[in-house]
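I set out to record the salt bridges first, and then the helix and sheet packing around them. The entries follow in the order of the look-ups.

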Amino acid sequence: MRSSLPLLLETVRIEGGLIYNLPYHQRRMDKSREHLFHTFSTIDLASHISPPDKNGLYRCRILYGQEIESIEYIPYTPKPIQALKIVTSDIEYRHKYADRSALDNLLAQHPSADEIIIVQKGLVTDTTISNLAFFKSGRWYTPRIPLLEGTMRTKFVENGLLQPYDIRMEELSDYTHVALINAMLGFKILNSVTISK
């Protein structure tokens with residue numbers, strides 16, 4: 001009998017037959033299952049993922065709860081992002097839930113934007129699809145409290161590339177560059193982007 005708790009999602013990058021950053025996905029999956037389902041057994045992701053071919057870029061979509069429900073391999077093409085809009089919302093997305101309807105609905109309310117920068121209590125958090133990084137004075141900073149602790153964000157923080165920091169909405173103009181961070185994009189610097197309120 002399936003638990004009434006919501007299903008979770010891991011999105012893993014597969015390119016040229018290679019699986020990227022699997023230890024970080026494994027760690028997050030283990031923590032989420034422990035927190036939500038009180039399950040301390042580990043599902044070995046590596047034994048469940050089979051790259052579909054040795055060419056191309058795929059989004060491996062893993063749906064799981066106490067156990068893995070499904071795995072899909074979807075050819076991936078990133079959408080162009082040129083316009084960001086700052087939006088205040090108290091939306092909650094602590095775990096990578098499969099149900100993204102609240103995030104999708106929030107983005108849909110701002111059709112002029114390719115993506116939105118979600119602000120909570122005056123502090124920048126994430127977009128609907130990624131963590132964020134901002135550059136100034138020779139250093140990249142990422143919001144100290146994101147909506148979701150992404151696997152790539154975790155990797156870059158642990159490797160010293162990113163410094164967690166409270167980034168206030170009114171201070172965004174102090175930064176010279178912005179980047180989106182997620183499993184599929186990696187660290188994507190937006191060289192031509194407008195940010196509006």
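Entry 1. I began with Lys-79, which forms a salt bridge with Glu-115; their closest N and O atoms are 4.0 Å apart. The model is a predicted one. I placed Lys-79 in the loop between β4 (68-75) and β5 and Glu-115 in strand β6, so the pair ties together parts that are 36 residues apart in sequence. I then looked up the accessibility of both partners. Lys-79 is partly exposed, at a relative accessible area of 43%, whereas Glu-115 is buried, at 0%.

Entry 2. I searched the whole structure for salt bridges and found eight. One of them joins the side chains of Glu-10 and Arg-28, with an N to O distance of 2.7 Å. Glu-10 belongs to strand β1 (residues 8-15) and Arg-28 to helix α1 (residues 22-37), so this pair ties together parts that are 18 residues apart in sequence.

Entry 3. Asp-104 counts as partly exposed, at 39% relative accessibility.

Entry 4. I turned to helix α2 (residues 101-108). Which of its residues are buried? They are Leu-103, Leu-106 and Leu-107. These residues cover an arc of only 95° around the axis, which puts them on the same side of α2. I recalled the general rule here: an α-helix has 3.6 residues a turn, so residues three or four places apart point the same way. Against what do the buried residues of α2 pack? I found β5 (83-88) and β6 (115-120) as their partners. The helix α2 lies across β5 and β6 and runs at about 110° to β6.

Entry 5. I next looked up the sheet that contains these two strands. Four strands form an open sheet in the order β7-β6-β5-β13, and the pairing is mixed. At the edges stand β7 (123-124) and β13 (194-196), each with a single partner strand, so one side of each is left without a neighbour in the sheet.

Entry 6. Gln-120 stands opposite Leu-123 in β7.

How values were computed: Residues numbered from 1 in each chain as written. Predicted model: local features only at pLDDT ≥ 70, side-chain atom pairs only at ≥ 80, totals over all residues. Heavy atoms only, no water. Buried < 20%, exposed > 50% of the residue type's maximum accessible area, 1.4 Å probe, protein only. Arc of directions from axis to C-beta. Contact = heavy atoms within 4.5 Å. Pairing = 2+ DSSP bridges. Axes fitted to C-alpha atoms, helices over the stretch in contact; angles between N-to-C directions.
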